[in-house]
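Let's take a walk through a protein model together, one feature at a time.

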Amino acid sequence: MGVKYSKPCGAFADVKELEYISALHQTGMTELRKDGSIHAIDIVHFLMSRYGIKVTEEEVRENILGAFGCSRRREERNSGAFHESAVESGGDGDISNGDCIKSEEDCLDLTQVLALLIVPLLLKADQSLVQQKQTLYNLRSMSSCKENESSEITETATSDSTRPQKVTLLQSSPSFTIHRHREQGEKRWPDADLIDNVLRTMMHDATGDPNPRPLTKELLRQLLSFYGEGEIADDERLLDEMMMAANASGGVDTAPDIEGEPILFDQHAFARALTHDVQQYNIGNENRVTTNYYDVFQTCYSTKEEEKKKLLHLLTNPMKTVEVGGHGEDIRPVQRVFTFPSIDYTADTYRSKGFVVLLWMTWILTYFAYLSSSDVLTLARLDCDPTQFGCAMMQGILNWLTIMAQLSILGTTFIIWASIGNSVYPTHSIWIVLGMGAVVLFVLLPYFEDFNAQVISTEKSGDLDQRLLYNLSMVCGFVLLSASLLNIYQRNLQEKLYWFFTPGIVRLESHTKQAASCKANQLVRNACMIHKTAEFDCGISNGVGETKYGKALLAYAKKTDQTEEGGLLHFTQAWKQVLNGRLFKDEGIWFTTHLLAGNAAQCTICLLLGALFHQFHNSELFQDGLNYLDKLTQGSQRWRLMLSLFFGVFCGEITIITITANYIPSTVRTILQYRSGGYESLHSKKFLKLRFAVDQSSLIFGSIFWGSLYTSIITGFFAMLVLGIILWPDFAQIVLVLFANIIGIAITMLLKWLVLIGFRRKYQRAYYRRSVGLTNFVGVVLESWNLGLTTSYMIFRSFKLLIAATLFIGRVDIPFLSDDACFLGPIELDAYPLMFRKDLLAHEAHRHPYLERMGVMYMMKLRHEKFGNYAGTCWRLLFVYALMPWMRKYRSNEDNLGISDFKFAANRMWTGRMPTQSAFNEESDALTSLRESDVLKESDSKETDDSIAVLKQQNKILKEENEMMRSLLFQHKSGKGPISNSCPPRIFSESSPADHHASTCTL
């Protein structure tokens, strides 16, 4: 009911999840790119598989990678050489909207992926700043309009009777109230001081002064160079675009800057620079019950708005190119192809999961009720001697081909036909009525009419299990018809009533949008916690040359082994979060159709199991046993077999219930382990195996059904057999002696265990012996004794393995055999857990919250030409570097750094980029030739005397900090410490440095 396990957590788990989505997004079959980069072909396949959008690699490079992912080639863009090369390549040398030059090597590295994922979060943070500014502007306007009453207002404000009225007035402002709510840590809204503190971190590390200063090219070059973006720092044209982005008009009470005078690079300018190019993204869409496709293109309806009715004509020509979102110079047409969305069980673009699960359950019941007759095999009977080997082999092949044809043709026809209309996209009611005809023909007509056509026989049997199948099939058929009628009703409802009847798949997708915001916000807060830990560890002083970049890297390295435990508590929490919806809204877990259909089939087995045992009770074998007991003694002994039968039914039911209840928590655990890095993805060779033959997931539904049925039947019969033998009169004496021997062996093993516990505690310490001679003597005694004991041990082990193997027949969600025991030569003994994980990962590749958000960004760029540009991407990269410096290693730059380009802080924490292998080859002896002057180059110490003075000053400060840190630690443990909850944190307010120390540790 819950296996204890642990998984990484915190910022390290967030990085592993980014690697995980990169491993899902990549489409290479031979190997995964270890740097996590996403290429154009990956985006092409993702857009087609997830949304049915047909786009070429060239379009992806030009539109998406050109704005969000490429690395500009180092060229003098203001020189004639750049324009000449552009003309030679067929271009005009112009880069519209800051997009970069196209090349075959263009890609999204993992740092740029993160910069793209936090776009909605930055827009929210910018909105908070705008609301703050708007509130201040309104207050100033109100005060200026009442200049004549200023003295009265001041006196009123200081009086006790009117003070509450003033507070109520401020809190009644809508923007102010919303902003205060967002400051208090709402799960999907960033902390209010996020941009300001990240800006101060950048300024502190790059310039040594965290305070705002005028934004110039020199300052911008300084910021970019500090974070290793020398190529961008040398691009004059790109620097101009970044300056223009920060200088864009975007605030209340903001007058245009005087020409030639630089703007103040404060949090408002930084926010404008981060979001100037993505303002077309509507952050309110994550609270709408709509699909991502509709949010971007405003076409295929999901919430039944009135204007969507005009889109019904799309069904008549689903292959057409749709010019979406109206008309305008910024709107571009996008081609979307027909993908049979009602039977898409990978991207799950159908309308209702419940309808699909019920449809497959109806097909199972209908097949076993009317189609499983052996009469169909008479159609494939050969005219030969069945005792001959060749004839028997050919007859077997032909029989299975006949069954395959029956299941494939009839099953495919029923599922596709009945699924017509179960699409999240526009569908006319006539198609839904047509799908209802399949249910009537395949399900209801056989129930009410009796006929025998060999392929299908509706002649009813009187057995309990068959009557149960007939009735369950009929009930499921009527429920399917009701669901189809409800579908028609939903598509013709008024808008005010439609929210209650919103399709389930649309609700789940809206939960995924909310989960993406929740996870991105938690990712940022985990990064802030790293900075908080770094500031607390470093105290309140900064050494000369120390950077927050280096301290955050050191704190992150200390947190890489942080884990959280799970087990039985996880089992209960998983079901609790499934029932209250938090698992979908916070984590974005997406259960596969095969899993849900398998769980529904397991619930049906609970009903069928009783019918099967009832049929066994009425069988000739069981009745002969009852008659034998009657003849054996004068009194009735039937209770012995009846008790065994009921005990077997009970054990079988408990087994199937336990298996059914564990599938959902086990699936959640597997998904969370992959997301957090508990199971390796990007850097694992085993993960490559999970990317081949994804179509094997079609085996999951049948495996869950038959495996659970076999497990419950075998367990029930085994329990019935054991108890029957124990209660059978002829075996009473044998069982008594057997139990006496088992009790004797158990007592002996208990005494041995108690003696060895005392011996081990006194004479052994791990692998070492405190009394070598005595330990050797005891070892010989134990080996001589165990030579006889191991015979019973192996018998007992055989029973345990058989019981465990029986119970795991129905568990295809977790591996029973280890990796070392799973192969017998080249043959894999149990591949079903891998197939189950393939199914989970295929859905994760389409429905992971981060990938859903990336898909929205891709589609926004395809629709809006002006959405996103490279200048904005560069600003967001600076934001990522400052907040999450550990992401720097995933940046793919073309220039190679030598040993001389290493960058250390005063604490010797490396803050530059790792040199390439070629750099080491060219300077293999560089490490041995480093001089002391090279190492101290970063500290900027001009003279030896100055360095000595600085060291003395630092020594004095450290002595003072030793006492201060003791006080801080005591106050922190008691909950009264000066550490704030800001993001990133501040240990002391800079407004009162004299109260603490002149050297503060503020981020």
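Start at the end of a helix: α10 is followed by G208, a residue whose phi is positive, near 90°. Before going on, a word on what you're looking at: this is a predicted model, where local features need pLDDT of at least 70, side-chain atom pairs count only at pLDDT 80 or more, and totals for chains, interfaces and linings use all residues. Residues are numbered from 1 along each chain as its sequence is written, and side-chain values use heavy atoms, with hydrogens and water left out.

Now back up into α10 itself. Helices here are DSSP runs of H or I with at least four residues, strands are runs of E with at least two, and both are numbered from the N terminus. The expected span of a helix is 1.5 Å times one less than its number of residues. For the 14 residues of α10 (residues 194-207) that gives 20 Å, and the end C-alpha atoms are 20 Å apart, so the two agree. Is α10 mostly covered or uncovered? It's mostly covered, with 13 of its 14 residues buried (buried means under 20% relative accessible area, exposed over 50%, and partly exposed in between, using a 1.4 Å probe and protein chains only).

A positive phi turns up at other residues too. Most residues other than glycine have a negative phi. D348 isn't a glycine, yet it has a positive phi of about 55°. You'll find D348 in the loop between β6 (334-336) and α16, and it is buried, with a relative accessible area of 0%. A766 is another non-glycine with a positive phi, near 60°. A766 sits in the loop between β8 (764-765) and β9 (768-769), and at 74% relative accessible area it is exposed.

Next, the aromatic rings. Rings of Phe, Tyr and Trp (its six-membered ring) pair if their centres lie within 6.5 Å; planes under 30 degrees apart count as stacked, over 60 as edge-to-face, and the rest as tilted. By this rule there are 35 aromatic pairs. Take F68 and F867: their ring centres are 6.1 Å apart and their planes meet at 70°, so this pair is edge-to-face. It links distant parts of the chain, with F68 in helix α3 (residues 57-68) and F867 in the loop between α33 (849-863) and α34 (870-883), 799 residues apart. Both F68 and F867 are buried.

Y370 and Y470 make a stacked pair, 5.5 Å centre to centre with 15° between the planes. Y370 belongs to helix α16 (residues 353-371) and Y470 to helix α19 (residues 464-490), 100 residues apart. Both of these tyrosines, Y370 and Y470, are buried. There's also an aromatic cluster whose members include W363, Y367 and F368.

Rings can have charges over them as well: that means NZ of Lys or CZ of Arg within 6 Å of the ring centre and within 35 degrees of the ring normal. The charged end of R336 sits over the ring of Y293, 5.6 Å from its centre. R847 does this with W590, at 4.2 Å from the ring centre.

Finally, have a look at L807. This residue is found in helix α31, and at 37% relative accessibility it counts as partly exposed.
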